[in-house]
Structures are given as C-alpha cells and as structure tokens.
Amino acid sequence: INAEYGMQELAYRKWEKRPQEAMFYSHMLALPLFWLLRGELGAGVSRWALSEPVVIGGVSLGPSMWLLLLANVFTQWACVRSVYMLTSSSGTLTCTVVLTLRKFLSLLLSVWHFENVWTDTHWAGSALVFTGVILYSWGSSGAGSSKEEAAAGAENANAKKKESSMKK
C-alpha cells in the first residue's frame with residue numbers, strides 16, 4: 001500500500017492533484033481480478049441471501065449479511081477517500097504516520113473490547129509508535145516553519161527584483 005502512495009505522490013508532483021481520479025483508477029483497474037474469484041463470489045452471494053433477516057419495527061430490511069456488507073463498503077469508501085485526500089494534501093510519510101496511529105488506536109480499542117491481555121510486546125510496540133509520531137511531529141513542525149520562511153524570503157526577493165527593474 002505504501003508503494004502505491006509513493007507512486008501517487010510522484011504522479012501528483014508531475015500532474016495535478018486529483019485524489020478522486022486516482023481512487024477511481026486504482027479501483028477500476030483491480031475489478032477484472034474479481035473474475036478469477038467468480039465461483040467463490042457466487043457461492044458467497046447465495047449463502048448471504050439465506051442469512052437471518054434484520055427486522056426493525058416489524059419491517060424486514062433484508063438479509064443481515066448484505067446489510068453488513070453495505071455498511072462495510074460505505075465505511076471503507078469513507079476511509080479510502082480520506083487516505084487519498086490526505087495523500088494529495090500532504091506527503092506519503094504523513095499519510096503513513098496517520099494510518100499507523102489509527103491502526104494503533106484500533107488495536108487499543110480491540111484489546112479493551114475483547115478484554116485481551118496487554119503484553120510486553122504491546123508495550124514495546126506502543127513505545128515505538130509514540131516515539132515515531134513524536135519525532136515526526138517535531139521534524140515536520142520545524143520543517144514547516146522553515147519552508148514558510150523560505151517562501152516569504154523568496155517573495156521578498158522577487159518583489160525587490162521587480163522594484164529595481166521598474167526603476168531602470
């Protein structure tokens with residue numbers, strides 16, 4: 001996935017930033033691969049049609065597995081869209097750090113919800129995640145201000161050049 005983000009970032013540098021177009025092409029190019037799984041997908045569709053219906057207020061909303069799939073597709077779309085938007089507005093490294101932090105929070109929620117044991121390995125991973133996020137935050141905040149200062153300096157230099165050329 002990170003390789004795709006890197007290619008996406010290179011494309012954004014060369015052409016315009018169009019996250020919706022990038023998302024469209026990356027998903028459309030993958031669709032033909034589902035043809036290889038058509039037998040398994042067909043069997044799954046048949047099983048899901050027979051799942052328990054969801055009934056709310058005496059009204060059947062449909063088979064539970066189809067509703068779960070619909071909810072999953074919507075949440076996946078929102079997440080993937082957000083990742084493409086983030087990559088278009090920032091860099092690949094920023095996107096990777098944000099996704100790592102999100103996965104870490106998801107792990108915390110999972111450990112708490114399923115009442116799993118928090119081991120020494122979890123503590124070590126937590127320390128690595130927080131160290132990486134803190135180092136990235138320090139590094140990017142310093143780099144951001146120097147970029148702004150450099151841009152302001154370049155604008156001032158350009159303005160001075162224009163003034164001197166107008167005086168001549």
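A crossing of helices is left-handed if the near helix is turned anticlockwise from the far one by less than a right angle, and right-handed if clockwise. This is a predicted model, in which local features need pLDDT of at least 70, side-chain atom pairs count only at pLDDT 80 or more, and totals for chains, interfaces and linings use all residues. Residues are numbered from 1 along each chain as its sequence is written, and side-chain values use heavy atoms, with hydrogens and water left out.

**View A. Helix 2 packs on helix 4 in a right-handed crossing.** Contact means heavy atoms within 4.5 Å. Helix 2 contributes residues including Met 23 and His 27; helix 4 contributes residues including Trp 77 and Tyr 84.

**View B. Val 133 sits in helix 6 (residues 120-167).** Val 133 is buried, at 19% relative accessible area (buried is under 20%, exposed over 50%, partly exposed in between; 1.4 Å probe, protein chains only). Val 133 touches Val 97 and Leu 101, not counting residues up to four places away in sequence. The C-alpha atoms of Val 133 and Leu 101 are 7.7 Å apart.

**View C. Phe 24 and Tyr 25 form an edge-to-face pair.** Ring centres are 5.3 Å apart, with planes at 70° (rings pair if centres lie within 6.5 Å; planes under 30 degrees apart are stacked, over 60 edge-to-face, the rest tilted). Phe 24 is partly exposed at 46%.

Definitions and conventions: Helix = DSSP H or I, 4+ residues; strand = E, 2+ residues; numbered from the N terminus. Phe/Tyr/Trp six-rings, centres within 6.5 Å; stacked < 30°, edge-to-face > 60°.
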